[in-house]
Structure formats: C-alpha cells, structure tokens
Amino acid sequence: MALTGECFCGAVKYRIDGKPYAARSCHCSRCRKAFSAQASSYAQVRPGSFTWTQGEELLTTFLDENGAGKRFCSVCGSTLCGVVGGDVHGITLGCLNEDPGIEIEMHIFVGSKAPWEVIPDGVVAYETIPPDWR
C-alpha cells in the first residue's frame with residue numbers, strides 16, 4: 001500500500017510505503033496551537049517508509065526543547081508531519097490524498113481540551129497520556 005500526501009498549496013509532497021498506525025487525536029493546548037484546530041489528527045509511520053517526493057527544500061522545521069516537533073510548508077503553512085530526533089515520526093492525517101484505511105484509535109489529553117469542544121460519547125479517551133503509551 002502506497003499513500004501520498006501534500007500541503008495546501010501543493011508545493012510539498014510525500015509518499016508513504018505501508019500503512020500508518022497508532023492514529024490518535026490529541027487535544028492538548030500545544031497541539032491545538034500547532035495545528036490551529038481543536039485537536040491534531042496524527043498517525044505514526046514505520047521507519048524508512050516515508051519519502052519526500054517534491055518541495056523538501058520548502059519545509060520549515062520547528063523543534064521543542066526535547067528535539068520533537070513538526071515540519072510545515074514555508075509557502076502555505078500546512079503542517080505535514082511530526083519529527084523526533086530529526087526523523088519523520090508520523091503524519092498529519094488531513095494532508096493525505098487517499099484513505100489510509102485506519103480510524104482514530106484514541107483521543108488523548110482530553111483533560112486539557114478546549115472548553116468549547118465536546119468529545120463524543122463512546123470513543124476511547126484518556127485524560128492525559130494512555131498508560132500503555134507506544
């Protein structure tokens with residue numbers, strides 16, 4: 001299975017060989033700011049499965065004090081992936097061009113969600129980080 005993704009303006013594109021996994025929606029204040037939304041929709045990718053196919057030179061990287069962060073298009077601002085230690089860790093699900101064949105497995109950090117957001121009944125949700133975090 002190969003998937004492709006791109007930013008809003010189409011200047012930066014990537015390919016993933018294989019299926020993303022560990023899909024989650026994070027509701028912490030940092031993700032709300034990083035993704036300009038009520039939460040992030042993110043899934044991990046296997047090491048070596050991710051390739052930039054166009055516009056890699058247009059990427060800007062933001063890293064926090066722990067060396068984790070995000071890469072985004074310097075033209076349109078779309079957040080495309082998360083990075084840890086300089087390597088792509090996962091992708092933002094909203095930038096995929098195809099259906100990845102996965103669903104959000106869990107909602108994390110719902111204890112710090114925006115006051116105006118309503119978490120649906122029946123979803124797997126954790127106040128902070130799950131006890132068996134991957």
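This is a predicted model: local features need pLDDT of at least 70, side-chain atom pairs count only at pLDDT 80 or more; totals for chains, interfaces and linings use all residues.
**Entry 1: β4 and β9.** I began with two strands, β4 (residues 40-44) and β9 (residues 87-92). They run antiparallel and are joined by 3 bridges.

**Entry 2: β8 and β9.** Next I followed β9 to another partner. Strand β8 (residues 79-84) runs antiparallel to β9, with 4 bridges between the two. I checked V84 and found D87 of β9 as its bridge partner. The two strands make a hairpin, and 2 residues lie between them. In this hairpin G85 has a positive phi, near 60 degrees.

Entry 3: In what order do the 7 strands of the open sheet lie? I read the order as β6-β7-β8-β9-β4-β3-β10. The pairing in this sheet is mixed. I then looked for the edge strands, and they are β6 (59-63) and β10 (106-108). Each of these pairs on one side only. I also looked up the turn between neighbouring strands of this sheet. On average it is 35 degrees, with direction ignored.

Entry 4: I moved on to strand β3, which covers residues 21-26. How many of its 6 residues are buried? The count is 5, so I can call the strand mostly covered, with buried meaning under 20% relative accessible area. On one pairing, β3 meets β4 in the antiparallel sense over 4 bridges. There I found R24 standing opposite Y42 of β4. On another pairing, β3 meets β10 in the parallel sense, over 3 bridges. There S25 has H107 of β10 as its bridge partner.

Entry 5: I stayed with S25, which sits in strand β3. Is S25 buried or exposed? Its relative accessible area is 6%, so S25 is buried; the cut-off for that is under 20%. I then looked at a polar atom of the S25 side chain. The backbone oxygen of S40 lies 3.1 Å from that atom. Which residues does S25 touch, leaving out those up to four places away in sequence? I listed A39, S40, I104, M106, H107 and I108. I already had H107 as the bridge partner of S25.

**Entry 6: the elements along the chain.** I stepped back to the whole protein. It has 1 helix and 10 strands. From the N terminus on, I read the elements as β-β-β-α-β-β-β-β-β-β-β.

**Entry 7: overall size and cover.** I looked up the extent of the C-alpha trace. Along the principal axes of the protein it spans about 40 × 30 × 25 Å. Why does the radius of gyration agree with a compact globule? With 134 residues, such a globule would have a value near 14 Å, and the protein has 15 Å. I also checked how much is covered: 40% of the 134 residues count as buried. The accessible surface comes to about 7,400 Å². Carbon and sulfur atoms account for 52% of that surface.

**Entry 8: contacts along the sequence.** Last, I took the contacts between residues at least 6 apart in sequence. Of these, 53% join residues at least 24 apart.

Notes: Residues are numbered from 1 along each chain as its sequence is written. Side-chain values use heavy atoms; hydrogens and water are left out. Two strands pair if DSSP finds at least two bridges between them. Axes are lines fitted to C-alpha atoms, for helices over the stretch in contact, and angles run from 0 to 180 degrees between N-to-C directions. The radius of gyration is taken over C-alpha atoms; the globule rule is 2.2 Å times the number of residues to the power 0.38. Buried means under 20% relative accessible area, exposed over 50%, partly exposed in between (1.4 Å probe, protein chains only). Contact means heavy atoms within 4.5 Å. Accessible areas come from the Shrake-Rupley method with a 1.4 Å probe; for residues, only the protein chains shown count as cover. A polar contact is a pair of N or O atoms within 3.5 Å; within protein, one must be able to donate a hydrogen and the other to accept it, and residues adjacent in sequence count only if both atoms are side-chain atoms.
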